[in-house]
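The following exercises concern contacts between side chains.

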Amino acid sequence: MLLCVLNLPAPSHQPARALWFDRKKYVTVNITVQKPKDVQVDIQADKMVLCCKNDEDDVIYNEVYFYDKIEPNDSRERVYDRTVNFLLRKVKPDVAWPRLQKDTAKPSWINVDFDNWRDWANEEDDGKAEFDDYMDVS
């Protein structure tokens, strides 16, 4: 667990809204946080954790156990004024994820990003442009 929630009782932190979409080689997760600060991220093969504070000093804590494995060393996050975005490289490319989480129960704070969702079965782009955008900041 990340340092920012170790000594806090459970009601003192809350998850932020997360939108996700699937691509051939990557899964993208965008978590909405107004002016995130003290951002701590832990990306592992089977889960990711985001812990930060928003503009009102509320503690935000999101933990997601993935539907399938990802490559943590080839995954990235970027912090913006209103979001924290994750680009997660799949271990098994070309396999569609029917959901973000391993658990079939869907938490209310996770939703599909239908604005960015597309059928990629015949897509030639392998997600390189998206990955390059993340690498520019790293």
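A residue is called buried under 20% relative accessible area, exposed over 50%, and partly exposed in between (1.4 Å probe, protein chains only). The model is predicted: local features need pLDDT of at least 70, side-chain atom pairs count only at pLDDT 80 or more, and totals for chains, interfaces and linings use all residues. Residues are numbered from 1 along each chain as its sequence is written, and side-chain values use heavy atoms, with hydrogens and water left out.

**Exercise 1.** Determine where K90 and D22 lie, and whether they are buried or exposed.

Solution. 
Step 1. A salt bridge requires a side-chain nitrogen of Lys or Arg within 4 Å of a carboxyl oxygen of Asp or Glu. The side chains of K90 and D22 meet in such a bridge, at 2.5 Å from N to O.
Step 2. Helices (H or I, at least four residues) and strands (E, at least two) are DSSP runs, numbered from the N terminus. K90 belongs to strand 8 and D22 to strand 2, and 68 residues separate the two.
Step 3. Both K90 and D22 are buried.
Step 4. The structure holds 5 salt bridges.

**Exercise 2.** Describe the salt bridge between K92 and D68, and classify each partner by accessibility.

Solution. 
Step 1. The closest N and O atoms of K92 and D68 are 3.6 Å apart.
Step 2. K92 sits in the loop between strand 8 and strand 9, whereas D68 sits in the loop between strand 6 and strand 7, 24 residues apart.
Step 3. K92 has a relative accessible area of 45% and is therefore partly exposed. D68, at 18%, is buried.

**Exercise 3.** What is the geometry of the aromatic pair formed by Y67 and W97?

Solution. 
Step 1. Rings of Phe, Tyr and Trp (its six-membered ring) pair if their centres lie within 6.5 Å; planes under 30 degrees apart count as stacked, over 60 as edge-to-face, and the rest as tilted. This rule gives 3 aromatic pairs.
Step 2. For Y67 and W97, the centres are 6.0 Å apart and the planes make 55 degrees, so the pair is tilted.
Step 3. Y67 lies in the loop between strand 6 (59–65) and strand 7 (70–79), and W97 in the loop between strand 8 (83–90) and strand 9, so the pair ties together parts 30 residues apart in sequence.
Step 4. Y67 is partly exposed at 30% relative accessible area, while W97 is buried at 2%.
Step 5. Ring pairs join F66, Y67 and W97 into a cluster.
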